[in-house]
Amino acid sequence: MIACCTATTGEVLPAMSRDSSAGIDGSTEFPVTISRQYAVYAITIYLGVAWYYVLDDDGHDWPTWVPAPLFEVVDGSLPPSWRIGYFHFGKEDQFPIVSFPEWAEDHTFYERLVDGDALAVSVFEERKREIEAARSL
Amino acid sequence: MANIVKSTGTLEYSYSYQPYGTFRSNVKNDTAIATDFNPMSFDSEFRDKATTGFINLRARMYDPGTGAFVQSDPVSAHPFYEFAAGNPAMYSDPSGMCILLCVLVLAAVIGATIGVAGYAAYVGTTGAGWNWWLAIGWATLGGFIGATCVLASTQCYIAVSRVGTTVGLRGLGGGGAASVLKGPIADAVPRNLPEQLAMNAAREGQGTIIMRYLVDAPRLVANYGEGNWVKMQYVLRGWNDIVTVHYFRNLVTKMDVEFKFV
């Protein structure tokens with residue numbers, strides 16, 4: 001899946017998607033560039049909108065989530081291996097994630113990836129290579 | 001200091017603080033009074049409002065922006081700048097001196113008391129006469145044992161914390177392993193100006209949420225209290241290299257803890 005950035009701030013977010021305690025409001029700047037295309041590595045739902053995990057302009061080794069309203073979908077196809085993981089942490093806390101199996105089936109995968117866990121990093125690198133290879137076809 | 005109230009009961013100012021002492025809120029409720037006239041703030045101590053913003057914690061000055069003292073601990077043999085043992089959610093540091101010293105003194109007093117009580121019990125059961133020199137000897141021994149135990153357990157705690165792993169304890173029956181939660185993790189100390197700027201911005205609440213449903217959540221609840229714990233990120237851009245700060249936030253209480261650079 002490829003998404004093209006159309007906005008860089010929370011100004012485009014609906015009211016329900018803003019939460020100042022979480023640092024998300026109209027003035028929040030996301031590290032993405034207008035007109036640039038980003039490969040999407042996972043999708044989740046939070047604050048009433050979809051969020052795409054992309055390798056943003058900060059250059060981290062892990063993807064960061066950015067609200068979907070900041071993008072237009074260029075290529076909406078998903079890799080055939082992707083799954084949906086749906087985790088319940090109580091009635092008020094539900095956490096869907098659509099991604100490759102290692103991420104979709106393990107809600108700790110992303111935390112381990114960000115914290116530099118060697119296995120999670122190698123899995124992500126492999127999946128990233130696959131996604132980039134598919135994109136270049 | 002949380003509030004300033006007139007003799008009439010009118011609330012003039014109200015304050016709240018982040019764990020390391022930067023203002024979370026600083027609200028003037030009475031328009032008739034001068035703005036920011038009060039020099040007292042975090043830990044009910046004087047803040048240098050005019051220049052540095054440092055807080056005078058008696059033995060030395062403390063910088064709430066970096067969460068560290070600007071001079072080393074006067075009672076420490078080694079350079080030591082950490083505030084409240086790196087855990088301001090549980091401790092305060094009103095004297096500006098090593099928290100360990102206070103705990104050691106307390107443990108020594110308790111140990112000495114137990115030592116004297118033990119000697120008194122011995123005298124009571126055997127009918128031996130009271131000897132003040134022996135009583136002092138027992139008190140000294142008890143105090144020494146108490147202080148040594150605290151020192152040893154503290155060193156073990158620090159060692160375990162720095163290893164940064166969850167410790168597994170084998171059950172006596174040889175079955176499964178019981179998980180023991182790790183304690184609080186001290187904030188990272190900035191090593192240069194960009195890191196200091198990034199840390200300050202993160203402490204001021206400029207980060208954004210990057211993660212929910214944390215593996216660390218049970219540990220955070222155990223150490224800092226109930227709530228909705230998430231991971232936050234602040235990225236300082238515009239320098240040669242970006243500086244990224246990660247920390248945990250309780251979305252319910254707004255408490256921010258365990259700042260680190262990644």
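How many helices and strands does the secondary structure of chain B come to? In this predicted model, chain B has four helices and 12 strands. Of the 262 residues in chain B, 27% are buried. Among the contacts in chain B with a separation of 6 or more, 46% join residues 24 or more positions apart.

**Helix α4 of chain B**

Helix α4 of chain B spans residues 217–224, and its buried residues are B:Arg219, B:Leu220 and B:Tyr224. Viewed down the axis of α4(B), these buried residues fall within an arc of 100°, and therefore they line one face of the helix.

The strands of chain B against which the buried residues of α4(B) pack are listed below.

| Strand of chain B | Residues |
|---|---|
| β10 | 229–236 |
| β11 | 243–250 |
| β12 | 256–261 |

After α4(B) comes B:Gly225, which has a positive phi, near 115°.

**Contact between chains A and B**

Chain A contributes 19 residues to the contact, and chain B contributes 16 residues. On the side of chain A that touches chain B, the elements giving two or more residues are β4 (64–67) and α2 (109–114) of chain A. The largest share of this side, three residues, is supplied by α2(A). By residue class, the side of chain A that touches chain B consists of nine nonpolar, eight polar and two charged residues.

Definitions and conventions. Residues numbered from 1 in each chain as written. Chains lettered and ligands numbered in written order. Predicted model: local features only at pLDDT ≥ 70, side-chain atom pairs only at ≥ 80, totals over all residues. Buried ≥ 20, exposed ≤ 12 C-beta atoms within 10 Å, placed from the backbone. Contact = placed C-beta atoms within 7 Å. Arc of directions from axis to C-beta. Nonpolar A, V, L, I, M, F, W, Y, C, P; charged D, E, K, R; others polar.
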